[in-house]
Amino acid sequence: MIYSAELLRCLERAESICVLTGAGISAESGVPTFRTNDGLWSRFKPEELANIDAFLRNPVLVWEWYAARRTVIHEVFPNPGHEALASMERWIRDFTVATQNVDGLHARAGSRKVLELHGNIERSYCIDCGSFAEDPDPPSPGNAPLCKRCGGLLRPDVVWFGEQLPEEVFQKAEQAARRCSLFLSVGTSSVVYPAASLPMTARESGAYIVEINTERTELSSRFDETILGRAGSILPELLQLIKHSRKIHQ
Ligand code: BJW
Ligand code: ZN
C-alpha cells in the first residue's frame, strides 16, 4: 500500500499515538462483527439485545448470545493487527489503545495499555448486590447464571445501550485522544457514541486523524484520510514504517 506523505510524516515524528479499535480488528481472528449482514449475529441487532430491558425481559436469550460469543473468543487468537499494535507500544513513548471490543484480544496479543470502553465479556456481576463473579459457572441451557452470594441474576460486565461507559476509563481515553498527534480509528463503523466522538476530540486538539476500515463509514468524510483495507494488513505495514523511521533517527 502507498501511504500519503502526511501520514508518513506523522508516523515518523509521532511520540503520542492513540488508537480506537472496533469489532473489525477482531474479524480476522474469526470474531463476527456486529453490523455486517453475513455476520453470525446478523439475526440479532445489537440495539435490540444489548440493553438492560432486553436482558430483564429474557435473560436466558441474552445469556445464550454471550455464552456463544465467549465460546468463539476462547477458540480464536489475536491476529497480525492486534500484534502490530502491541509492538507499536514498544516503539512509541505514549501509546494508548482504546477498544470498544470486549474480547480481550489486545491484552492477549501483549498490549499493556488497553482501555476497555465497553467492558470485558469474561467478567460478570450481580444486578442485585453488585458483586463480581470472575469465573461464573457457565449458564446451563435454559438458565441464566446466578450470584453465589445472594442468588440475584448475574449479567456480563459489558456496557449496554443507555448505560454509562466506565467513567475513569473513558476519561483516560479522552485524555489520550487530546494528547496524541496521530489518532487511528480501526475497524469500527463509528456509529456508537461516545466512542465515536474520540477521533473528533483528537482532531480538535490538533491530531491527524486516520480511519482504517474495509469500507467507508458514516464518519469517513470527517477524517483526514480513510485507508481502505484490512487491519491485519495495514497495521503491520504502519508498524514497519514506524520501526524504519526510528532506526534511522537513532
Ligand atoms: C474491518 C474489517 C477488517 C470489518 N479490517 N475493518 C448521540 C450521541 C451520543 C450518544 C448517543 C447518541 N445517540 C444515541 C446515543 C446513545 C448510544 C448510541 O451511540 N447509539 C447509536 C447506535 C445511535 N450510546 C450509548 O447508549 C452508550 N452510552 C451512553 O451514551 O451513555 C450516556 C447515556 C447514558 C444514559 C442515558 C443517556 C446517555 C453505550 C454504548 C454501548 C454499546 N455497546 C455495544 C455492546 C457491548 C457489549 C457486547 O459486545 O455485547 O458495543 S453495541 C456494539 O456496538 C458493541 C460495539 O463495541 C459497538 C461498536 O461496534 P463496532 O465495533 O463499530 O462494530 P461494527 O460491527 O458496527 O463495525 C465493524 C467495522 O469493522 C465495520 O465498519 C467493517 O467495515 C469493519 N471491518 N472487517 C478493518 N478486517
Ligand atoms: Zn448478588
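## Strands, loops and a cis proline in a predicted model

Strand S4 (residues 119-126) runs antiparallel to S6, and 5 bridges join the two. Helices and strands here are DSSP runs, numbered from the N terminus, with at least four residues (H or I) for a helix and at least two (E) for a strand. Two strands count as paired if DSSP finds at least two bridges between them.

A word on where this comes from: it's a predicted model, in which local features need pLDDT of at least 70 and side-chain atom pairs count only at pLDDT 80 or more, while totals for chains, interfaces and linings use all residues. Residues are numbered from 1 along each chain as its sequence is written, chains are lettered from A and ligands numbered from 1 in the order in which they are written, and side-chain values use heavy atoms, with hydrogens and water left out.

**The antiparallel sheet**

Back to S4. S4 belongs to an open sheet of 3 strands in the order S5-S4-S6, with antiparallel pairing. Strand S5 (132-133) and strand S6 (154-158) are the edges; each has a single partner strand, so one side of each is left without a neighbour in the sheet. On the S6 side, Ser124 has Pro156 as its bridge partner, and Asn120 has Asp157.

Leaving aside residues up to four places away in sequence, Asp128 touches Cys150, Gly152 and Leu153, where contact means heavy atoms within 4.5 Å. Asp128 also pairs up in space with Gly151: the two are 23 residues apart in sequence and 8.6 Å apart, C-alpha to C-alpha.

Now for strand S1 (residues 16-21). All 6 of its 6 residues are buried, so S1 is largely enclosed by the rest of the structure. In a regular strand, side chains alternate between the two faces of the sheet. Here Ser16, Cys18 and Leu20 point one way from S1 and Ile17, Val19 and Thr21 the other way, and all are buried.

S1 has parallel pairings with two strands: 6 bridges join S1 to strand S2 (residues 94-99), and 5 bridges join S1 to S7. Thr21 has Thr99 in S2 as its bridge partner, while Cys18 stands opposite Phe183 in S7.

The stretch between strand S7 (182-186) and helix H9 (198-204) holds Pro194. A cis peptide bond joins Tyr193 and Pro194, with omega about 5 degrees. Ser190 lies in the loop between S7 and H9 too. Its phi is near 60 degrees, a positive value in a residue other than glycine.

Buried means under 20% relative accessible area, exposed over 50%, and partly exposed in between (1.4 Å probe, protein chains only).

| Residue | Relative accessible area | Class |
|---|---|---|
| Ser190 | 3% | buried |
| Leu8 | 34% | partly exposed |
| Asp128 | 58% | exposed |

Leu8 has its place in helix H1 (residues 5-13). Beyond residues up to four places away in sequence, Leu8 touches Tyr3 and Leu241. Leu8 and Ile242 are 234 residues apart in sequence, yet 8.7 Å apart in space, C-alpha to C-alpha.

**The chain as a whole**

Zooming out, the protein chain has 10 helices and 9 strands. Its C-alpha trace spans about 60 × 35 × 30 Å along the principal axes.

Buried residues make up 53% of the 250 residues. Of the contacts with a separation of 6 or more, 68% come from residues 24 or more positions apart. Charged side chains number 27 positive and 32 negative, and the centres of the two sets lie 4 Å apart. Lys and Arg count as positive and Asp and Glu as negative, with His and the chain ends not counted; each charge is placed at NZ of Lys, CZ of Arg, CG of Asp or CD of Glu.
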